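Look at the sequence and the model that follow. The text below goes through a few parts of the chain, one after another.

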Amino acid sequence: MAVFEDIEKIFAEFAAKKIAGHPDLNQVSPLPADIWQKMRENKMFGLCLPETYGGRDGNFRLLAGAASALVAYSGNVGVAMSWLIHEIISCRLIYRFGNTRQKNELLPDLAAGKTTASFAVSEPEIGAHPKYLRTEAVFKGNTWRLTGEKCYITNAPMADWFIVIAKTGGVDEKNFFTAFMLHKNTPGLTIHPPTELPFLRPCPHGSLTFANCRVSDRQILGPRNHAYTEMAIPFRAIEDALMMSLVGGAINFVISWLGNTAGHLEALPDSELLTELGHLKCQADAIQAIAAHTADLLDKNEKDPKVTTLPLFLRTQTEVFQAGVKKLAANLSGGGLKPNALPIARDIDGLLGIGGNTAQIQMRKAGKSLLKPV
């Protein structure tokens with residue numbers, strides 16, 4: 001089992017030395033290959049994979065701490081997000097649902113950072129709602145024929161493998177879905193140019209088109225016909241929970257930036273200013289602590305309702321924090337505080353925007369759960 005403090009120190013030092021000083025990193029996409037290579041050399045992959053596959057035999061709490069440190073000491077969310085999605089896919093999809101052959105073939109390279117995989121669920125103008133997904137796999141002869149489109153796929157431009165959720169039948173109005181593993185060189189698979197996003201750079205996003213791609217039963221990952229409920233939904237919950245560690249790291253960076261930028265104002269006898277700074281500091285500490293606690297809950301029981309409600313709460317608190325920083329900057333317009341010019345501030349807003357509609361639905365469900373039947 002990897003030691004938490006040692007791993008966090010490795011990630012913090014790497015972030016400060018290799019990411020923070022990287023030129024124009026918040027302006028480029030996709031992720032520069034030299035950063036991924038340096039992460040490989042520092043053995044920063046496979047934190048949650050067993051040692052038998054070259055991993056660190058860690059847990060989600062270890063993953064969250066490393067992700068937070070990667071952001072807090074670099075000022076960049078994009079690199080950490082690209083790495084975090086790689087790690088979640090490796091442990092939560094391929095290790096959890098892969099058969100022996102798939103694990104032996106894929107996990108050692110994933111643990112070493114030599115290869116990476118993307119999870120393709122969402123579709124253009126549809127999102128990820130199972131009722132409307134159109135990508136379909138039809139069994140003809142002795143093979144599956146996969147057709148459709150996927151979009152907003154994290155790490156797609158740099159991925160070697162794609163886990164694709166496709167419709168494989170249904171009963172009445174209920175669709176069945178299966179996950180297929182496709183290599184990037186699969187005939188009929190088109191990997192489109194990176195999708196340009198104004199935030200989270202240099203984390204790459206992309207889209208795929210499947211034109212009658214032939215795939216075999218050997219390429220099925222996990223349970224046939226139940227991939228959406230057993231893979232896609234739990235994956236999204238874990239992703240939402242661990243994304244809060246990125247937010248916590250980003251807020252920690254902003255707090256340090258505030259201290260450095262407003263440090264010359266410390267001697268001013270302005271109790272209101274100090275109260276505002278103190279309030280932001282308390283919010284930042286609470287957000288980071290709750291994000292870490294959420295990762296602990298994931299390790300204990302992924303189905304704990306608080307795994308969903310705590311990230312929802314952190315979303316609202318992060319919005320309050322962002323508003324507080326902007327208010328403080330407005331009150332100190334002559335003091336050099338310009339958070340809008342800080343790329344990580346845009347990244348925080350971008351993270352909050354991901355899945356915003358889903359978060360509202362979950363919030364209403366949480367409220368409904370309190371109502372007693374009449």
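**Two helices side by side**

Helices H4 and H5 are roughly antiparallel to each other, because angles over 145 degrees count as such. The structure is a predicted model. Two packed helices are described by the angle between their axes and the distance between the axes. Here H4 covers residues 78-97 and H5 covers residues 100-112, and their axes cross at roughly 165 degrees and come within 10 Å. The crossing in which H4 passes H5 is left-handed.

Which residues of H4 and H5 meet? On the H4 side they are His86, Ser90, Ile94, Tyr95 and Phe97, and on the H5 side they are Gln102, Lys103, Leu106, Leu107 and Leu110. Sorted by class, this contact has six nonpolar residues, three polar ones and one charged one. An α-helix has 3.6 residues a turn, so residues three or four places apart point the same way. The list for H4 includes His86, Ser90 and Ile94, and the list for H5 includes Lys103, Leu106 and Leu110.

Strands come next. Strand E4, residues 161-171, pairs with E5 in the antiparallel sense, over nine bridges. One of the positions to look for is Trp161, whose bridge partner in E5 is His183. E4 and E5 form a hairpin with two residues between the strands, and in this hairpin Asp172 has a positive phi near 55 degrees. E5 also pairs with strand E8, residues 220-221, again in the antiparallel sense. That pairing has two bridges, and Ala179 stands opposite Leu221 of E8.

Is Lys184 buried, partly exposed or exposed? Its relative accessibility is 34%, so Lys184 counts as partly exposed; the class runs between the limits of 20% and 50%. Apart from neighbours within four places in sequence, Lys184 is in contact with Ala159, Asp160, Phe162, Leu189 and Ile191. Asn26, by comparison, is 158 residues from Lys184 along the chain, and the C-alpha atoms of the two are separated by 27 Å.

The last stop is helix H9, residues 343-353. How many of its eleven residues are buried? The number is eight, so H9 is mostly covered, where buried means under 20% relative accessible area. The buried residues are Pro343, Ile344, Ala345, Asp347, Ile348, Gly350, Leu351 and Leu352. H9 is followed by Gly355, which has a positive phi near 70 degrees.

Notes. Residues are numbered from 1 along each chain as its sequence is written. This is a predicted model: local features need pLDDT of at least 70, side-chain atom pairs count only at pLDDT 80 or more; totals for chains, interfaces and linings use all residues. Side-chain values use heavy atoms; hydrogens and water are left out. Buried means under 20% relative accessible area, exposed over 50%, partly exposed in between (1.4 Å probe, protein chains only). Contact means heavy atoms within 4.5 Å. Helices (H or I, at least four residues) and strands (E, at least two) are DSSP runs, numbered from the N terminus. Axes are lines fitted to C-alpha atoms, for helices over the stretch in contact, and angles run from 0 to 180 degrees between N-to-C directions. Angles under 35 degrees count as roughly parallel, over 145 as roughly antiparallel, 65 to 115 as roughly perpendicular and the rest as oblique. A crossing is left-handed if the near helix is turned anticlockwise from the far one by less than a right angle, and right-handed if clockwise. Ala, Val, Leu, Ile, Met, Phe, Trp, Tyr, Cys and Pro count as nonpolar, Asp, Glu, Lys and Arg as charged, and the others, Gly among them, as polar. Two strands pair if DSSP finds at least two bridges between them.
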